[in-house]
Amino acid sequence: MGNIAAVTDAEFDAQVLKSDKPVLVDFWAEWCGPCRQVAPILDEIAGQHADKVDFFKMNVDENPVTPASYRVTGIPTINVYQNGEVVKTIVGARPKAALLKELAEFTG
């Protein structure tokens, strides 16, 4: 995961909610097969669009507070935050083309 940094419950407010750019957060876990499928796709997208969007991963097992507060019940869940609000939620694994289409308004 070269292009995506991890974010914790403790850092979430500063790193994600207070960012002046849109922020994509990938909620995942080690044991989640679809999460492992999506990870390299998101890494690739992050490498191409890091100038427009900040990308983070959050391990839901190690950081239970934030996923619970955003009602993340299934993983992978990808939330896009803008100005401290969730503006897009994608639940489940998607191929790269589908993810790019859903994220086009942010990656432009």
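Because the model is predicted, local features need pLDDT of at least 70 and side-chain atom pairs count only at pLDDT 80 or more, while totals for chains, interfaces and linings use all residues. Residues are numbered from 1 along each chain as its sequence is written, and side-chain values use heavy atoms, with hydrogens and water left out.

Five strands form an open sheet in the order E1-E3-E2-E4-E5, and the pairing is mixed. Here, helices (H or I, at least four residues) and strands (E, at least two) are DSSP runs, numbered from the N terminus; two strands pair if DSSP finds at least two bridges between them. At the edges stand strand E1 (5-6) and E5, each with a single partner strand, so one side of each has no neighbour in the sheet. Strands of a sheet pair through backbone hydrogen bonds, either parallel or antiparallel.

Next come the cysteines. Searching the whole structure turns up one disulfide, meaning a pair of cysteine sulfur atoms within 2.5 Å. The partners are Cys32 and Cys35, with sulfur atoms 2.3 Å apart. The torsion about their S-S bond is about 80 degrees, so the disulfide is right-handed. Cys32 is buried, at a relative accessible area of 3%, and Cys35 is also buried, at 3%. Buried means under 20% relative accessible area, exposed over 50%, and partly exposed in between (1.4 Å probe, protein chains only).

Between helix H3 (65-69) and strand E4 (77-82) lies Pro76, and the peptide bond from Ile75 to Pro76 is cis, with omega near 0 degrees. Arg71 is found in the loop between H3 and E4; though not a glycine, Arg71 has a positive phi of about 55 degrees. Arg71 is exposed, with 71% relative accessible area. Asn83, in the loop between E4 and strand E5 (85-91), has a positive phi of about 55 degrees without being a glycine. At 67% relative accessibility, Asn83 is exposed.
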